[in-house]
Amino acid sequence: MTVKDWINKRGFRIGGKFQKMMRCIWSGRQLRVDETNASSESLATRDYSVSGYSSRAGEIVEAKVDNSNIEEAESSLRESGYLNYEEARALLGRLEYQKGNVEAALHVFEGIDVAVVTSKMKVSLSRRCEQNRRRSESDVAPSMSLHAVSLLLEAIFLKAKSLQHLGRFGEAAQSCKVILDTVESALPDGLPDNVSTDCKLQEILNKAVELFPELWKLAGDPQEAILSYRRALLYYWNLDTRTKAKLEKEFAVLLLYSGAEASPPTLRAQMEGSFVGWDPSILDHLAFALSVSGELRALAHQVEELHPEIMKRNEEYCTLALCYYGGGDDIIALNLLRNLLKSRDNPDCILELLLASKICGENTISIEEGTIWAQKALSGLNGGCWQMASKANCLLGVLLSAQSRLVSSDSQRTLQQSETIERKLDVALHYAKQLLKLEAGSNVKGYVLLARILSAQKRFFDAETVINAALNQTGKWDQGELLRTKAKLQIAQGQLKNAVETYTHLLAVLQVQHKSSGSGKKLLKTKGKWDRSLEMETWHDLANVYTSLSQFRDADICLSKSKAISPFSAARWYSTGLLDEAKGLPQEALRSYKKALDVDPTHVPSLISTACILRQLGGQSMPIVRSFLMDALRLDQTNHAAWYNLGLLYKADISASAVEAAECFEAAALLEESAPIEPFR
């Protein structure tokens, strides 16, 4: 379709001088100024209509066009004496773009011979930058006006914007590149003053320089985007300082987060920036960059050099403390936090309190001071952010535990350890339910955790109900841990015979599973190991139940089954010791407990039982018995049996304080009230 047909189809109604301008598009010839003298009326004040299709077929709706397009045409005519084919297309394309007809605008812009106009623009721009040079009389063809250059560069820019709108980002970037190539080729040393003073040309260049890297990012080519940013910042485009700062920030963000490899450029020139105003996000990006690269001291140096009005005092001190703490200078970080926390002007400083208490806990310096800060953080949260409260509770526990190790008195140690192990069962129950809801009951561990928390609250019936519900929703091969938990709940309720039935059912399931794996059905290797371990634990549990029922022969059978699976088991020797005690054989029991500790020196039940037997038998010094109990508490501070037996030891020792015994009994009672059927860890 010719341009003439296109204009007719679009329904243009043109009058006066502008009609003559449009004829140049149809004929391809230039329009002279003297051909427009037929009317003295200004092009800028004459109305003409651009038609579009209305809702009814064939009806023409007239719209008034932006007069700036006419003024552009008139200006070009006055400067150069003619309006050529490409310039007319540039005007028409801009008109369509302004109306929102992106595809139509692109159709018009594609009719411009870019190769021809760019060569002319290069010549024109080159001549413009020549200083004190007379034009040769042989220059027959007039140079393209600066206004015409701006008009055509704008057309190429709007073509890029149209392609961007249509999602053709790679093509848009290539179109935008034409603008930069043209100017950079014509003016290799940058824009001279007599060119950059043209506001329209400078505006187009600013927009093109900004758009170019954005298009490559949209096209998914970070390497080209990196090159585009470097080109924008290294060439003298005469950009204003805010545009330059914006480009520098966006380039830094791209380098930080794009994941693209970017080697340092070979710099032809180094551009010095100027301060144009503070952007808070700049420090955030800089902090990220220096943090991930391990340059925290450099970040601290940058923060220290900031103007005092840029960052608030508490923010500056906290940032510096984090930098020095991350860099290994804990003492400097702690002193900064002390200065900050002493001020009464910082009521909301939870992060600073937590950081200070963390440093104290990790370095065993000022443990008591760290404890006070952790407690202040908890009181400041006042039931607010549960994540921060959880962290504060954890730090407080660590500090109290560390503080208990430093005191010389056992009574002070037990008191502080009892504070350390205080549980929050209601909160734990809430989040266990949330976990079960999020997992939609798909994870057996969620049910087991919920049942253990309920058992710690002595709600054994509710815990068993949860396990029964889980059993109804779980496949046979995944019921092992659920059945074992159910049996322990039955034991806690005194239902020993029911527990025997549950253990027997569990062993039958494991036996069928073992036979299925042996007959060629493949099971995961890790799952097979877990089932083997579960079978051993089940035989031990069942042996302990039979021991409680005084069915010693059945208990011996269970232990022999366990020995066939693994002859080296601390838990089996412990169960054997319990059986020996029930038979009235304390010396045999002591030997069994010692064998358990030979297999695993950290087996807490055997440590406690060894201390109990030694205390009962007598003849052993109190420090030896105490050492077994203290080792058990070092491994498991929440073991109420260890605290109770330590209290009995202090009570029987005439040299010990009655207060120490009372505190041990108090800790034992507190822990037993919240002890689950199985440890949480």
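Within helix α10, which spans residues 199-218, Glu214 and Lys217 are three residues apart and are thus separated by about one helical turn. In this predicted model, the two side chains form a salt bridge with an N to O distance of 2.9 Å. Glu214 has a relative accessibility of 27% and therefore counts as partly exposed; Lys217, at 31%, is likewise classed as partly exposed.

A further pair connects separate segments of the chain. The side chains of Lys583 and Asp556 meet in a salt bridge, 3.4 Å from N to O. Lys583 is located in the loop between α28 (570-582) and α29 (586-599), whereas Asp556 belongs to helix α27 (residues 552-565), so this contact ties together parts that lie 27 residues apart in sequence. Lys583 is partly exposed, its relative accessible area being 36%, and Asp556 is partly exposed with a value of 35%. Salt bridges can also be linked to one another through shared partners: Arg484, Lys488, Glu537, Asp541 and Glu678 are joined in this way into one network.

The structure holds 23 salt bridges. One of them pairs Arg231 with Asp181, whose closest N and O atoms are 2.5 Å apart. Because Arg231 lies in helix α11 (residues 222-234) and Asp181 in helix α8 (residues 169-186), the pair ties together parts that are 50 residues apart in sequence. Asp181 has a relative accessibility of 27% and so counts as partly exposed.

Technical notes. Residues numbered from 1 in each chain as written. Predicted model: local features only at pLDDT ≥ 70, side-chain atom pairs only at ≥ 80, totals over all residues. Heavy atoms only, no water. Salt bridge = Lys/Arg side-chain N within 4 Å of Asp/Glu carboxyl O. Helix = DSSP H or I, 4+ residues; strand = E, 2+ residues; numbered from the N terminus. Buried < 20%, exposed > 50% of the residue type's maximum accessible area, 1.4 Å probe, protein only.
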